[in-house]
Each structure stands twice: as structure tokens, then as C-alpha cells.
Amino acid sequence: MAENNGTYLIRGAAILGRDAEDLLIRDGVIAARGAGAATHEDAQGATVIEAAGLVALPGMVDVHTHLREPGREDAETVETGTRAAALGGFTAVHAMANSNPVADTAGVVEQVHSLGRAAGWVDVRPVGAVTVGLAGEQLAELGAMADSRAQVRMFSDDGICVHDPVLMRRALEYVKAFDGVVAQHAQEPRLTAGAQMNEGNVSAVLGLTGWPAVAEESIIARDVLLAQHVDSRLHVCHVSTAGSVEIIRWAKERGINVTAEVTPHHLLLTDDLVRSYNPVYKVNPPLRTDADVQALRAGLADGTIDVVGTDHAPHPSEHKECEWAQAAMGMTGLETALSVVQHAMIETGLMTWADFARVTSTAAARIGRLADQGRPLEAGEPANVILVDPAARWTVDPSTMATMGRNSPFAGLELPGKVVATFYKGHPTVLDGTLNTPYRESAASAAGAS
Amino acid sequence: MKHLLSTEDLSLANAIRILDTAEEMAAVGDREVKKLPALRGRTVVNLFFEDSTRTRISFEAAAKRLSADVINFAAKGSSVSKGESLKDTAQTLAAMGADAVVIRHWASGAPHRLAATDWIDAAVINAGDGTHEHPTQALLDAFTMRRHWARLSGGGSTGADLKGMRVAIAGDVLHSRVARSNVWLLRTLGAEVTLVAPPTLLPIGVEQWPCKVSYNMDETLSLGVDAVMMLRVQGERMNASFFPSTREYSRRWGFDDNRLRALDSLGLKDTIIMHPGPMNRGLEISAAAADSPRSTVLAQVRNGVSVRMAALYLLLSGDTREPAATTAARSTEETN
């Protein structure tokens with residue numbers, strides 16, 4: 001593979017699920033698309049990938065990933081998490097700031113960024129903390145993180161809500177200086193003290209402290225008004241309720257600059273699963289009701305919700321093999337995202353593969369301001385491309401995943417769709433559905449970049 | 001029945017079976033030698049992650065009357081970060097050869113985890129988990145109510161249900177495992193349940209439960225009721241804005257002397273007053289109500305041992321075997 005100068009001729013892939021065409025990848029870019037690709041002068045000596053029956057899509061961009069490094073290398077490392085990402089069809093991930101130390105300084109975000117480059121599986125884009133230590137008291141040095149080599153554009157205290165309205169206002173205002181975005185974890189803390197699961201019929205029976213939808217919706221309502229007031233850019237992390245979708249729809253109709261994400265698990269699973277008391281279903285925000293799931297699907301389909309974000313949150317087994325109340329919140333998601341979204345959105349007829357590309361790549365890259373990601377599959381564009389077999393069926397087995405986390409709520413489920421190949425900067429990080437080799441910068445470009 | 005985890009999934013047949021077996025066990029308690037050899041050589045572990053002397057000694061007495069070996073394991077403060085995990089504790093008990101684990105835990109669902117995982121193979125009895133369920137409490141309450149109901153109808157308890165009995169459960173339903181277990185079991189046994197509580201102490205979703213809900217104690221009494229079960233108000237609720245003050249709580253939701261008199265003036269001469277204990281006298285129940293002939297508080301405690309003997313016996317001796325104490329005479333009435 002390595003001897004062909006990085007030239008790949010993909011034959012007959014359905015581009016965005018439409019007509020079958022050829023794609024020629026060379027030197028990190030799409031050199032040609034369509035009838036002329038095979039006879040293009042650069043196609044000489046190319047590795048040919050027969051892609052009949054496969055769908056070609058732009059590499060997926062995750063706006064919400066927990067890579068755990070630095071600090072919780074027993075849960076995940078940048079290396080293992082980005083392997084999982086590549087296998088899942090991603091070419092870029094946003095690494096959330098709740099590491100230890102918190103990614104609240106230029107030093108930490110540059111460390112995460114360089115770990116990502118060293119790993120070479122995907123583009124790792126650190127998310128900077130909004131407040132020092134995620135403590136919600138004082139703004140972190142957002143400008144220093146923006147100006148660092150990591151070029152942070154997304155800021156979030158994810159896991160913790162920036163609940164102080166003045167601090168939230170200031171953060172939204174301040175990030176305008178460098179075209180940043182504040183990604184809010186919308187959770188009113190007083191309404192969710194000790195909360196364990198969605199508040200409703202199931203929590204009433206199970207005797208688990210409820211997590212009311214209003215605790216999410218009230219923060220979103222406040223934040224969209226703040227974003228309007230200071231004319232800034234707000235992103236709402238992992239929207240989980242029907243009411244949240246309504247508020248965001250209302251805000252977009254008013255022209256407020258808000259984007260929103262939904263996780264794959266909130267598109268499929270409901271709080272009925274908590275009846276098992278199995279903490280693999282414990283997550284923040286919690287699994288909601290079927291009515292919420294349907295509203296989230298509709299919101300994603302009609303563009304109210306802009307993107308799918310995995311909220312991939314690996315945990316060591318001892319943090320899940322315990323009582324519900326003591327278990328950590330979070331689910332893995334990088335290696336199942338494509339299949340769950342295909343199952344929940346495409347096979348239900350709610351979306352096409354072109355829509356899939358929008359919500360998993362194009363819109364996500366725009367939110368994170370990633371110039372080289374989420375681009376059209378056209379000649380001259382960066383070759384961040386995946387090939388997907390939509391007819392494949394597989395049964396989720398967490399023990400075989402690349403992530404160190406075994407906490408997949410989809411374990412045992414049969415899901416559609418399989419990533420066959422992932423091209424990151426023109427290099428196949430995944431081939432034949434298995435990890436290939438990481439992308440390595442040439443000596444010249446590496447020296448120039450750092 | 002391998003475990004006793006909740007009353008929500010307890011069938012009518014199994015509920016009646018436990019209650020009938022408890023009647024047999026009650027007879028043992030009336031004998032001079034209060035002991036059966038049924039569980040000789042079996043080991044019952046009382047695994048308590050939360051203090052509850054009452055429940056623990058009730059289970060201990062029950063197991064000892066069945067000749068089981070009893071190990072008391074107080075595991076307060078166990079957690080992933082400090083001390084031993086539930087998994088390790090369970091595997092330790094399994095290695096020691098526990099046949100049954102009676103678990104009391106502050107976390108809802110902890111008994112389900114023991115039963116659903118492969119950490120331990122023993123029978124699991126839920127002795128109260130968080131704000132979820134307390135099935136043996138509901139069974140002993142039902143046992144107490146059934147005796148009362150059967151006496152009124154002039155029949156025997158054995159085999160009977162609670163069809164037509166009107167039961168009010170009053171107080172902090174939101175945080176009460178006793179209320180939850182009672183709602184499900186009383187539904188199964190055919191009783192008509194009304195929950196009486198301030199709206200702040202009812203869970204969101206209670207409208208889906210198989211019962212009526214009232215915010216008005218006096219109205220509930222005036223509509224007629226055969227048993228009133230008062231729930232304990234926990235100290236930590238008092239400063240969390242669930243209600244304005246203990247005096248207001250007591251006036252609106254407590255069973256005070258006025259309401260005790262109201263039972264008489266309403267002609268409800270056979271209505272019993274129940275409480276799972278420990279009582280806050282003067283808060284949710286007045287001293288006069290607690291000590292009145294209507295009170296079944298001590299009968300509930302006594303019946304608790306019988307019900308727990310029945311649960312241990314049925315789980316450890318297998319479903320197919322007949323109860324041991326078949327020759328026992330019917331015990332005396334217990335209405336106070």
C-alpha cells in the first residue's frame with residue numbers, strides 16, 4: 001500500500017448515495033471525479049478499490065468526543081480513541097475539555113493537539129474549557145487557546161453547565177473576537193441535584209431521582225436569548241428533549257445564530273431501558289421518552305438540529321459494574337455512530353445519505369471551523385473520504401472495539417452499515433473494514449507546520 | 001421465584017403463597033419453641049449498606065427461627081472510590097457460600113444488580129433499596145390488612161385477597177419505597193388505594209400508577225377508608241422546601257387527634273391506622289392515634305418476622321415443596 005505514492009482509484013462508489021462514479025485520490029486531495037478519473041494521468045499505478053455497492057461520503061466530523069487523555073488514560077487515550085474514530089468513519093474529532101488537567105490553557109490544548117498529530121488517525125481538534133477548571137467562576141484564557149497551535153474555536157465546559165448567566169453572556173461575547181463558539185451543556189444544576197435518570201413515568205416507578213426536561217430547556221431558552229442579545233454564536237450540546245427541539249426551532253426562525261447536536265443514542269434509546277438498572281444506560285443527558293426520540297429525529301431531519309455528535313464517553317469497567325447511583329455517566333459511540341444513524345434516520349426514510357453527510361460532516365466542520373473537513377467530494381478538495389457498505393449487518397460486540405471503553409449501550413444489537421474504508425488526508429487509515437496505518441506527515445510539511 | 005426484588009412483578013399467586021406461608025410461620029411464633037429445622041445448614045447473609053436495626057433484626061429472627069446460619073454484614077459507606085465495591089462484596093459472599101443475601105441498600109436497584117449479574121448465585125431478597133421498593137414491608141402490611149379484612153368478613157385469611165378494601169397511604173410518597181411496594185402489591189391483591197400527599201411529595205408520573213391521588217386528607221377520610229397508612233417524614237425533607245413547616249405538614253397531612261375523632265364521627269369504626277415505623281410522634285401521627293386500639297403498629301412488627309420467614313423459606317426450599325408448619329393452629333387475632 002505504501003509503495004504507490006498514496007494514489008487510490010475508487011471505482012464505482014455511489015457519491016453521497018447517488019450515482020456510481022470513480023474517485024481518484026492522490027497526494028492528499030481528490031485529483032479527479034467521474035468518468036475521467038480512471039484515465040487521469042495521475043491514475044498510473046494507483047491502488048484500485050472496487051467500490052460497487054458502497055457509498056462515498058465526506059469523512060465524519062465529531063463535534064463531541066471524550067478522549068480522556070491527559071489524566072484518565074485507564075479509560076481512553078488519544079491513540080485508542082482516534083483508532084476508534086477512524087474505524088467509525090471519522091476524519092476529525094473535537095476532544096472535550098474535561099481532562100485532567102482540564103484543557104483550559106494553551107499548554108493543555110497544544111498537548112492534546114500534538115498527541116492527535118502523533119497518533120495520525122484523525123484530525124484531533126481540542127475543545128477549550130470556558131471557565132478555569134470547569135469551575136464556572138472565571139473565564140479561562142480563551143484567546144490564548146484560540147491563538148495557540150491548536151487553534152481552538154469551540155469552547156465548552158461539557159459535563160458541567162455554564163449556569164451563571166453573566167458568565168455565559170461574557171463567554172458568548174468574548175469568543176466573537178476570534179470567531180469562536182460556546183458549546184453549552186444545558187443542565188440547570190439546582191433542578192438536577194442528585195438526578196439519576198429522566199424524570200417521568202419510569203423514574204417514578206424505579207425510585208431514581210428525576211432529571212426534568214425543563215432543566216435542559218430552561219437553559220437553552222436563556223442561552224438563545226443571550227446569543228441574540230450579544231449577537232454571538234451558540235452551540236447546544238446533546239439536545240435530548242422534544243421541548244429543546246421546539247425552542248431551538250423557534251430561535252432559528254428568529255434568526256438567532258444557534259446550532260445544535262444530538263447523539264446517536266438519543267436517536268434510538270429510551271428511558272425504559274433503565275428498568276434493568278444496568279448502568280450502561282446511564283448517561284448525561286439521560287435517555288428520554290419515545291416522544292422525545294421521535295422529536296429529535298424530526299428535528300435532525302428538518303435541520304433544526306444541525307449535527308450528530310457522539311458524546312463518546314469511555315469508562316473503565318469498574319465505573320459501570322456497580323450500583324446505578326454510583327456508576328459513571330456516559331456511553332461509547334464512535335464505532336457505532338454511523339450504523340445507529342443509518343438505522344434511525346436513513347432506514348426510516350427520514351434522511352438520505354446526502355443528509356447524512358450534512359449532519360455528520362459538512363455542518364459539523366462548519367461549527368468547528370475546520371476548513372479542510374466536511375468538503376464536497378470534488379476534484380481539488382482535501383481527500384477526507386469514507387466508503388460505507390450500507391447493506392452490511394453486524395452485531396455490536398464491545399469487546400472487539402478499538403476504544404478501551406466497553407460501555408456500549410448497543411451491545412448485542414444488530415445494526416446496519418459498515419465503514420469499509422476511511423481516507424484521512426488522502427491516506428487510508430481504514431481499509432477492508434480494519435485499521436490500516438496512521439497518516440504520517442511528510443518531513444517537509446511536518447517541519448513547516450510545527 | 002428465585003429472588004424477591006419487588007412487588008411490581010410479584011404475581012397474585014406468589015403473593016398469596018407468601019402470605020399463606022406466613023400464616024403457617026406465624027403459628028411457630030406462638031409456640032414455646034419458636035424454631036423450625038427447615039433451613040438447617042443454609043447460610044443467610046444480611047448485607048446492610050444502610051442502618052436499619054428494625055429490618056435487620058426482623059430478618060435475623062426470621063432466619064434463626066428457620067434454623068439458618070445468619071451472618072450480619074454491615075457495609076456502610078461502600079463505594080468505588082472508598083472501600084469495597086458491591087461486586088467484590090457480592091463475590092466475597094459467594095465464595096463464603098451464602099445461600100441467600102438479604103440486602104438493604106441506599107441505592108435504588110442495588111438488589112436488582114446482585115440478581116442480574118453473575119457476581120453471586122444466591123437468592124436475593126430486597127430489604128429496601130433507596131426510594132424504590134421494600135417488598136417484605138408491603139407483604140407484612142398486606143398480611144396485617146388481610147387478617148383484619150378477613151376477620152371483618154368472618155372468613156379465614158388463608159387464600160384470601162384484599163378485594164374491595166379501601167386503603168389510604170399518606171405522606172412522603174416521593175421518597176418512599178414502602179409506598180411504592182404497597183401500591184403494586186395492593187393493586188395485585190385487589191385493594192383500592194388512594195395516595196394522600198402534598199403535591200411536592202408525589203413523583204412526576206404518579207398519575208400512571210394504579211391508584212387515586214388526593215391532596216386532601218379530610219376528604220379522603222370522609223369518602224370512607226378501611227386502612228390509613230402513615231408514612232414517615234424523613235428529617236432531611238424538612239429543610240428542602242417540600243413543605244413550609246412541620247406544623248403545617250402535621251395540620252394538613254398528619255394523622256392528628258382531630259382526624260382520629262373524625263373516624264368515629266364518620267362511623268368508620270373498623271378503620272385501622274398503620275405505620276411502618278419508626279414513627280415521628282406529633283408529626284405524621286399523633287401519640288393518641290399511634291396508641292389507639294386502631295393502631296396496628298406492633299402487629300405489623302410481629303407479622304414482619306412471619307412474612308420474612310415465609311420469603312426465606314420459599315426462596316431457599318424451592319417453590320414445589322409444601323410449607324413445613326402444616327399442623328400449626330391458627331394464631332390469635334392481631335388488631336392492636
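This is a predicted model: local features need pLDDT of at least 70, side-chain atom pairs count only at pLDDT 80 or more; totals for chains, interfaces and linings use all residues.

1. Residues are numbered from 1 along each chain as its sequence is written, and chains are lettered from A and ligands numbered from 1 in the order in which they are written.

2. Chain A holds eleven helices and 19 strands, where helices (H or I, at least four residues) and strands (E, at least two) are DSSP runs numbered from the N terminus. Its radius of gyration, taken over C-alpha atoms, is 21 Å, close to the 22 Å that the globule rule (2.2 Å times the number of residues to the power 0.38) gives for 450 residues, so chain A is as compact as a globular protein of that length. The C-alpha trace of chain A spans about 65 × 45 × 45 Å along its principal axes.

3. Of the 450 residues in chain A, 60% are buried, a residue being buried if 20 or more other C-beta atoms, placed from the backbone, lie within 10 Å of its own, exposed if 12 or fewer, and partly exposed in between. Among contacts in chain A with a separation of 6 or more, 74% are between residues 24 or more positions apart, and two residues are in contact if their C-beta atoms, placed from the backbone, lie within 7 Å.

4. Where the two chains touch, 20 residues come from chain A and 24 residues from chain B. On the side of chain A, helix 5 (residues 201-206) gives the largest share, five residues. That side of chain A divides into eight nonpolar, eight polar and four charged residues, with Ala, Val, Leu, Ile, Met, Phe, Trp, Tyr, Cys and Pro counted as nonpolar, Asp, Glu, Lys and Arg as charged, and the others, Gly among them, as polar.

5. In chain B, the axes of helix 1 (residues 12-29) and helix 5 (residues 135-153) come within 10 Å and cross at roughly 70°, where axes are lines fitted to C-alpha atoms, for helices over the stretch in contact, and angles run from 0 to 180 degrees between N-to-C directions. Helix 1 of chain B and helix 5 of chain B are therefore roughly perpendicular to each other (65 to 115 degrees). In this pairing I18(B), L19(B) and A22(B) of helix 1 meet L139(B), A142(B), F143(B) and R146(B) of helix 5, and by class the contact has six nonpolar, no polar and one charged residues.

6. Helix 11 (residues 297-317) of chain B packs on helix 5 of chain B at an angle of about 115°, with the axes 8 Å apart. Helix 1 of chain B and helix 11 of chain B pack at about 120°, with their axes 7 Å apart.

7. Two cis peptide bonds deserve a look. One joins E69(A) and P70(A), with omega about 5°, and P70(A) is in the loop between strand 6 (60-65) and helix 1 (78-87) of chain A. Another runs from G277(B) to P278(B), with omega near -10°.

8. Please also inspect D432(A), a residue other than glycine whose phi is positive, near 55°. D432(A) lies in the loop between strand 18 (427-431) and strand 19 (434-435) of chain A, and with 10 C-beta neighbours inside 10 Å, D432(A) counts as exposed.

Notes. Angles under 35 degrees count as roughly parallel, over 145 as roughly antiparallel, 65 to 115 as roughly perpendicular and the rest as oblique.
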